[in-house]
Amino acid sequence: MAHEDDALERASYKPSPGLAVAVNDPVRNPELPPHRARMTDKDPAAMTRAVRAVYSLFYLSVAASIWAVAAYMIFPIESGRIVDIRNNNLFIGLGIGLALLAIGIGAIHWSKAIMSDKEWIEPRHATRGRDETRAGAVEVFAVANEESGFGRRTMIRNSLIAALAASVIPGITLFRGLAPQNSPENPNAGDPVYLLSHTMWEEGMRLAHDPEGTPIRAADVTLGSAVHVIPAPLAELSHHDGYLEEKAKAIVLLMRLLPEDLIEAEDRKDWSYDGIVAYSKVCTHVGCPVALYEQQTHHLLCPCHQSQFDVTNGAAVIFGPAARPLPQLPITVDDEGYLVARSDFEEPVGPSFWERH
Ligand code: FES
């Protein structure tokens, strides 16, 4: 009986005005509200305005992409100045964001105000690769092409193509930042400079307590202690001058062990001072601060994903996802007994993906 009722209902269905039926199969009336014409359907001037708005948005996207590329040149990170790096990130990000936003808004406006909003009733049926089905699919594409106006509305089509093409250019430009740069002081120097590989440590720079900036005497570092250390001049930097950015790269942990407990490579024997060693505090996994020191085992633990590093053995990884040891800061003492760096780190600090070269 139910089948007969369904058949009767389907046979009596008539699509309401404004509804189009995709195929000839009889279907239930979904009782959609009557179709309401949009302003752009009734008023040609409104349609013209909508078309203009859409292609203006797409061209705005092109302009934003060009701005992103220009920002890369105007604020070169090669200068090494924190303010330039910050502006570089800010304005490139704004350019790319605006470019994608304009494409998105333009596409939505196009579909809402210009493309046909005729409602379709599409009956469900088994998906089969019949010839009729395939012919129907081709027909749907043809209708969609016609209704979207993609073929006819050349201004919108061309502006969209330009916007999409321009939107990938900033991304390509950014890859340049991964390439080695020549030194800003000597642009013709043969040795490339990896900007992200350097911190503010340099030869003779005193090690100081974080955050006060008080220099540390070797004699004051007690056996078994772990001290959070920054370069002494960092304490003088204001936040505006990049205090946090420099600290994020340069911060180290200082520990004192019995000298006989240290296993040091031949070429690193002078990197420690009387059992005092300094290692980057930035985890080589994804950059969390490695802040937990286990005095008894001489292990450093990263709280984020539990990587453990053996301080007695060059901070080698003994557990967890980190792929390489914590970089060691070579240290010694100056004439007054204060701990000083022998040089910058010899390898990039932080996550291992910096080790591209
Ligand atoms: S960031 Fe240290 S283990 Fe993941």
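Is F91 buried, partly exposed or exposed?

What we have here is a predicted model, where local features need pLDDT of at least 70, side-chain atom pairs count only at pLDDT 80 or more, and totals for chains, interfaces and linings use all residues. Residues are numbered from 1 along each chain as its sequence is written, and side-chain values use heavy atoms, with hydrogens and water left out.

Back to F91: with a relative accessible area of 25%, F91 is partly exposed. Buried means under 20% relative accessible area, exposed means over 50%, and partly exposed is in between, using a 1.4 Å probe and protein chains only.

Now the overall picture. The chain has eight helices and twelve strands; these are DSSP runs numbered from the N terminus, with helices being H or I of at least four residues and strands E of at least two. Of its 357 residues, 35% count as buried. Contact means heavy atoms within 4.5 Å, and among contacts between residues at least 6 apart in sequence, 62% join residues at least 24 apart.

Let's turn to the aromatic rings. The structure holds three aromatic pairs. Rings of Phe, Tyr and Trp (its six-membered ring) pair if their centres lie within 6.5 Å; planes under 30 degrees apart count as stacked, over 60 as edge-to-face and the rest as tilted. One of the pairs is F58 with W110, which is edge-to-face, at 6.4 Å centre to centre and 75° between the planes. F58 sits in helix α3 (residues 44-74) and W110 in helix α4 (residues 82-114), so this pair ties together parts that are 52 residues apart in sequence. Both F58 and W110 are buried.

F75 is in the loop between α3 and α4 while F91 is in helix α4, 16 residues apart. F75 counts as buried, at 17% relative accessibility. Together with W67, F75 and F91 form one aromatic cluster.

Next, a stop at helix α5. It covers residues 131-148, which is 18 residues, and reaches 26 Å from its first C-alpha to its last, close to the 26 Å expected at 1.5 Å a residue. That expected span is 1.5 Å times one less than the number of residues. After α5 comes G149, whose phi is positive, near 75°.

On to the strands. Two strands pair if DSSP finds at least two bridges between them. Strand β3 (residues 207-209) and strand β4 (residues 226-231) pair in the antiparallel sense over three bridges, and A208 has I230 in β4 as its bridge partner. β4 is also joined to strand β5 (residues 252-256) by four bridges, again antiparallel, with V252 in β5 as the bridge partner of V229.

Finally, two loop residues. Where does T312 sit? T312 is in the loop between β9 (308-310) and β10, and it is buried, with a relative accessible area of 11%. The C-alpha atoms of T312 and D261 are separated by 6.2 Å, although these residues are 51 apart along the chain. Q328 is in the loop between β10 (316-319) and β11 (331-333) and is buried too, with a relative accessible area of 6%. Leaving aside neighbours within four places in sequence, Q328 is in contact with residues including R268, W271 and F345.
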